[in-house]
Amino acid sequence: MFKMKTIWIINQNASTPDTGYAGRSYYLAEELGKLGYKVYLIAGGYSHLHFRRPTINNDIEIVKNNNFDFVWIDLPSYDNAHSKKRILNWFIFAYRLTKLIKIIPQKPNFLIYSSPPLIGFLGALIIKFRTKTKLIFEVRDLWPLTLKIMGGYSWYNPFMILMSYIEKIAYKKSDLIISNLSNAFQYIKKFKINKSKYLWLPNGVSEFEINKKTPLSKDVANLIPKDKFIIGYCGTLGLANAIEFFVQTSLELRSQSEYYFVIVGDGREKHRLMSMVTNSKNIIFINSIPKQQVHSLFSFFDVCYIGWRKHNLYEFGIGSNKLPEYLFSRKPIIHSYSGKNDIVKIANAGISVEAESVIEIIKAINLLHSYSKSKLDIFGQNGFLYAKNKLTYKVLAQELINNID
């Protein structure tokens, strides 16, 4: 008789569509559930990434979903991403993970711990030893390396030393290492890890969410000109997104009235970016829109834009949530990126240019504008087919199962 196998996915920052951005872990859990596995997705009940705090009446709350169970671990609130209380939450989460063995009725056959943060891996390791389960370490960001390069932290910082120690344990004690960073093994191999123990599993796109799309609100639609060549960005306005180069491009092209730049989203950099274009008439900033409207928004763009900083960190690839959605949109993409394994170039879905180069972005815009609609549609179709065949979470869930079960 077939016995249903159980998968626990631990991602402290995971959320549901009602509480935050329902990303990689949520959609993988859905698809794994559809494949016949009993899945528990375990997350922290408070995160600065949530836009709504879930209702939690106990330290640990199990909520039924259609295809899996969501497990909330209650955590204290904190002010912002840089709060010291956020670090305290990492330790509380790690400790409370060990209590799940007595609370979740099905013990895991497979345990996936998704990092960052790294501290919680210690709790996952205790679960592995107590339940004799197979432990998969998912690397979504190379901590503590990212904190060193992007945050400027010293390797001699005591907390960095602690995380470096946990990182080494995680690579050594895990049965499989997966990453959404396409070239991550070039970093991981320094820990003397055999490549057979590594799997690249990129970020994907949820066809279920796309099929739930709703029309763009008229208030937003009316803000976007219908007689211009629209170059659009939709996403977070943070430091890593390097949007100032996109904004600077709009300033350089102010005299070319056929172009119009649209930026949709919010983030810490928004005020600074808006201050760059106080009197410019060829660019507009639009507040974040509901996720269900994002793919309707793309139909208003002629070209989708995304960019990154010129950091050595990207030699290990990027784990973009936005690129799979862009590819699925059937729109050509300008990708300002100087790292390894450029997915836009691989899919032949647009034009890739050097990161942080306004001159190169302008060249790409002018070139795409010179193309016929049919040629632009070919770029869009190439991206769509690549995403459809390789980047849907249905495909990625099956790829994961092929490598762990």
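Predicted model: local features only at pLDDT ≥ 70, side-chain atom pairs only at ≥ 80, totals over all residues.
Me: What kind of aromatic pair do phenylalanine 70 and tryptophan 72 form?
Reply: A pair of aromatic rings is described by the distance of the centres and the angle of the planes. For phenylalanine 70 and tryptophan 72 the centres are 4.3 Å apart, with 35° between the planes. Planes under 30 degrees apart would count as stacked and over 60 as edge-to-face, so this pair is tilted.

Me: Is phenylalanine 70 buried or exposed, and what about tryptophan 72?
Reply: Buried means under 20% relative accessible area. Phenylalanine 70 has 1% relative accessibility, and tryptophan 72 has 4%. Phenylalanine 70 therefore counts as buried, and tryptophan 72 likewise counts as buried.

Me: Which residues touch the most other members of the largest nonpolar core?
Reply: Good one to look at in the structure! That core has 68 residues. The ones touching the most other members are Ile231, Tyr233, Val262, Ile263 and Leu327.

Me: Beyond its neighbours within four places in sequence, what is isoleucine 231 in contact with?
Reply: Contact means heavy atoms within 4.5 Å. With those neighbours left aside, isoleucine 231 is in contact with Phe246, Tyr259, Tyr260, Phe261, Val262, Val303, Tyr305 and Ile365.

Me: What is the relative accessible area of leucine 162?
Reply: Leucine 162 sits in helix α6, residues 158-173. Together with Phe91 and Tyr165, Leu162 makes a nonpolar surface patch of about 300 Å². Leucine 162 is partly exposed, because its relative accessible area is 31%.

Key. Residues numbered from 1 in each chain as written. Heavy atoms only, no water. Patch = residues over 30% accessible without salt bridge, like charges linked within 9 Å, V, L, I, M, F, W, Y side chains within 5 Å. Areas by Shrake-Rupley, 256 points an atom, 1.4 Å probe, with all protein chains shown as cover. Salt bridge = Lys/Arg side-chain N within 4 Å of Asp/Glu carboxyl O. Helix = DSSP H or I, 4+ residues; strand = E, 2+ residues; numbered from the N terminus. Buried < 20%, exposed > 50% of the residue type's maximum accessible area, 1.4 Å probe, protein only. Core = buried A, V, L, I, M, F, W, Y, C linked by side-chain atoms within 4.5 Å. Phe/Tyr/Trp six-rings, centres within 6.5 Å; stacked < 30°, edge-to-face > 60°.
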